[in-house]
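Here is a short tour of one protein and the spaces in it. Have a look at the model first, and then we can go through it topic by topic.

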Amino acid sequence: MREGEASMTARRVAAHRLSFSREPCPWATSTQGADDDQRLQADVAAGVLVEPTPMAQYLQARTRFFDVVVVRSLDPGGDLGIDQAVSVGAGYDGRALRYARPSTRWFELDHPDTQSDKRARLDELGIATPDATFVPADFTVDDVGAALARAGHDPTRPTLFTCEGVAGYLSTDAIASLLAALGRVAAPGSRLAVTLPLEPESAEERHRRGRLDAAVSTMGEPLASAIPRAELGERLRASGWIVRRATDPAGVAIEQSPRSSAFVIAAPTEPLAETR
Ligand SMILES: C[S@@+](CC[C@H](N)C(=O)[O-])C[C@H]1O[C@@H](n2cnc3c(N)ncnc32)[C@H](O)[C@@H]1O
């Protein structure tokens, strides 16, 4: 990211997301949360031109994947019934508004430069966020677990961690230590939903990645990593997570897919240690 500037890639995601259909919130008693989210996305999108390219289709699939995970995980009547959510590298994600419940606490972890811009926009728009706690952190230098603890995250209760469209901008070492830090504060019953870039294995996928890298590099946010497909499970395990499901954006099992983007759901590998 450019020194002192909010993430431009996050602004572009918001501009795309403005036109996407979204998963309804089963527990919402009004459209207030969804309306506030749309107002935030519209504000961020002002002056950002996006077109209906294959990237837009990818982002629609990604948005739907995370919407569904959030609804299923936080639904009080569902199997998991989680009431703590951490949006890791939140950008302008408005799910803390759209899927708010008074009994669910959201923590938004993000780079300080992006987060301060988001908070200024929310203030300017008069959008209150009583269910969200903002936690600034640079994942390359800060202790994410300690930052969450200071913000009031409870490591003894299950958490839904979402990490959408972030990993590709971090080195493989930074991803590993970020996921390990989350794993250390993930009580049994927690879930991690994360998108991970894989090394392209075909000319088409190499071309696709090259185009994306060229585009995001001009925004000062070049791609920094990709994981070998065969090492996906092992890398997550080494960071304290067991893969429950890994698909491509179309929902095809990642081992059978030629695509180089993995949508992963994982659970913590072992029960929380007494000392953690
Ligand atoms: C492409 S945006 C995705 C934002 C959001 N998750 C979404 O899907 O709308 C990438 C996000 O990663 C964050 N990010 C990039 N590098 C970071 C770092 N070193 N520490 C913390 N956040 C970082 C940016 O601030 C930005 O919010």
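About 300 Å³ of space lies in the second largest pocket, a volume being the space filled by probe spheres set on grid points joined across faces, edges and corners. This is a predicted model, in which local features need pLDDT of at least 70, side-chain atom pairs count only at pLDDT 80 or more, and totals for chains, interfaces and linings use all residues. Residues are numbered from 1 along each chain as its sequence is written, and side-chain values use heavy atoms, with hydrogens and water left out.

**The second largest pocket**

- On a 1 Å grid over the protein atoms alone, a pocket is an open set of points with protein on both sides within 12 Å along at least five of seven lines, and a cavity is a set where a 1.4 Å probe fits but cannot get out; lining residues have an atom within 4 Å of a point.
- The lining here has 17 residues, and Ala 28, Thr 29, Ser 30, Gly 33 and Ala 100 lie nearest the pocket's centre.
- H2 gives the largest share of this lining, three residues; helices are DSSP runs of H or I with at least four residues, numbered from the N terminus.
- Eight of the lining residues are nonpolar, five polar and four charged, where Ala, Val, Leu, Ile, Met, Phe, Trp, Tyr, Cys and Pro count as nonpolar, Asp, Glu, Lys and Arg as charged, and the others, Gly among them, as polar.

**The ligand**

- The ligand is surrounded by 22 residues, each with a heavy atom within 4 Å of it.
- Gly 89, Asp 110, Thr 114, Phe 139 and Glu 164 are the closest.
- Helix H1 (residues 8-17) supplies four residues, the largest share of this shell.
- A backbone N or O atom of Gly 89 lies 2.8 Å from a nitrogen atom of the ligand, and a polar backbone atom of Glu 164 is 2.8 Å from a ligand nitrogen atom.
- Arg 62 brings a polar side-chain atom to 3.1 Å from a ligand oxygen atom.

**The cavity**

- The whole structure has one cavity of 30 Å³ or more, and the largest cavity holds about 40 Å³ of space.
- Its lining includes Leu 40, Asp 93, Lys 118 and Phe 134.

**Salt bridges**

- The count is 19 salt bridges, each a side-chain nitrogen of Lys or Arg within 4 Å of a carboxyl oxygen of Asp or Glu.
- One of them joins Asp 37 and Arg 22, with the closest N and O atoms 3.6 Å apart.
- Asp 37 sits in helix H2 (residues 32-45) and Arg 22 in the loop between H1 and H2, 15 residues apart.

Methods: A polar contact is a pair of N or O atoms within 3.5 Å; within protein, one must be able to donate a hydrogen and the other to accept it, and residues adjacent in sequence count only if both atoms are side-chain atoms. Helices (H or I, at least four residues) and strands (E, at least two) are DSSP runs, numbered from the N terminus.
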